[in-house]
Amino acid sequence: MCGIAGIFNYKSKHPADKALLNSVLNKMHYRGPDDLGIFSENEVAIGNVRLAIQGIDVKGNQPIYNEDGSIVVVFNGEIYNYPEIKKELIKKGHIFYSNTDTEILVHLYEEYGIKVADELNGMFAFALFDKKKKRLLLSRDRTAQKPLYINENEKGIFFSSELHTMIPYLEGCHTNRNAVRTFLSMGYALEPETILNEVTTIEPASTCVYNEH
């Protein structure tokens, strides 16, 4: 199942609260009982709780990095065509250290930049950070089977695979009455809305890009 969460204070450049992120990830530990991992550096912190399915040894634990460690990713889901993509990337000279499908993301980003998700066939949500460009990508597949919630605030963004894990840490928390009415009539809120005004979803088949000012 896995779960991801993160903070990117790209507006204020305040240090990301690693302890807060650790708490958020622990609240969804049941999604990934095999490992909890965090990358934290200055204004960014991203993390994952992992249920090991592909590349089940410790080399598959997240975050996953490219060869020089300048690109880092956390991932929830499964990429069905990763063996074919991996073969092509190896032909192009990329070096892999694990057998997990997650690792192809950092190398695809090296090849295609923000269009990294265009090559993927699967169900997924991921967060990828480029240390050199101070850029964060949040991406979700077209079927939207993997949730990804986001709060945009005065410092930057805060995101998680589960809405309830974010609530204790939101600066404000107000009910979205329109979304509640939709939920009561249909059994779910229509994306990108959620039952909170302060939180939306990353829309299906989209990649959102956040850069430092």
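**Close-up views of a predicted model**

**View A. Glu 193 and Asn 178 meet through their side chains.** A polar contact of 3.1 Å joins the side chains of Glu 193 and Asn 178. This is a predicted model. The two residues are 15 residues apart along the chain, and their C-alpha atoms are separated by 8.8 Å. Glu 193 sits in the loop between α4 and β10. Beyond residues up to four places away in sequence, Glu 193 touches Asn 176, Asn 178 and Ala 179. Glu 193 counts as partly exposed because its relative accessibility is 31%, which lies between the 20% limit for buried and the 50% limit for exposed.

**View B. Asn 176 caps helix α4.** The cap is at the N-terminal end of α4. A side-chain oxygen of Asn 176 lies 3.2 Å from the backbone nitrogen of Asn 178. After α4 comes Gly 187. The phi of Gly 187 is positive, near 95°.

View C. Six residues are listed here: Phe 183, Leu 184, Met 186, Tyr 188, Leu 190 and Ile 195. Together they make a nonpolar surface patch of about 610 Å². One of them, Leu 190, is found in the loop between α4 (177–186) and β10 (200–201). Leu 190 has 44% relative accessibility, so it counts as partly exposed. Glu 193 is placed in the loop between α4 and β10 as well.

**View D. His 94 is buried in a loop.** The loop runs between α2 (82–91) and α3 (103–112). Relative accessibility at His 94 is 10%, and therefore the residue counts as buried; the limit is under 20%. The side chain of His 94 makes a polar contact of 2.7 Å with the side chain of Glu 111. Leaving aside residues up to four places away in sequence, His 94 touches Glu 67, Leu 89, His 107, Glu 110 and Glu 111.

View E. β1 spans residues 3–8 and is mostly covered, with six of its six residues buried. Gly 3, Ala 5 and Ile 7 point one way from the strand. Ile 4, Gly 6 and Phe 8 point the other way. Both sets are buried. Six bridges join β1 to β3 (residues 44–50), and the two run antiparallel. Four bridges join β1 to β9 (residues 157–160), again antiparallel. Gly 6 takes part in both pairings: its bridge partner in β3 is Ile 46, and its partner in β9 is Phe 159.

**View F. Five strands form an open sheet.** The strand order is β4-β5-β6-β7-β11, with antiparallel pairing. At the edges are β4 (64–65) and β11 (206–211), each pairing on one side only. Within the sheet, six bridges join β6 (residues 122–130) to β7 (residues 135–140). These two strands run antiparallel. Look for Phe 129, whose bridge partner in β7 is Leu 136.

Methods:
Residues are numbered from 1 along each chain as its sequence is written. This is a predicted model: local features need pLDDT of at least 70, side-chain atom pairs count only at pLDDT 80 or more; totals for chains, interfaces and linings use all residues. Side-chain values use heavy atoms; hydrogens and water are left out. Buried means under 20% relative accessible area, exposed over 50%, partly exposed in between (1.4 Å probe, protein chains only). A polar contact is a pair of N or O atoms within 3.5 Å; within protein, one must be able to donate a hydrogen and the other to accept it, and residues adjacent in sequence count only if both atoms are side-chain atoms. Contact means heavy atoms within 4.5 Å. Patches are made of residues with over 30% relative accessible area and no salt bridge: like charges are joined within 9 Å, nonpolar side chains (Val, Leu, Ile, Met, Phe, Trp, Tyr) within 5 Å. Accessible areas come from the Shrake-Rupley method with a 1.4 Å probe; for residues, only the protein chains shown count as cover. A salt bridge is a side-chain nitrogen of Lys or Arg within 4 Å of a carboxyl oxygen of Asp or Glu. Two strands pair if DSSP finds at least two bridges between them.
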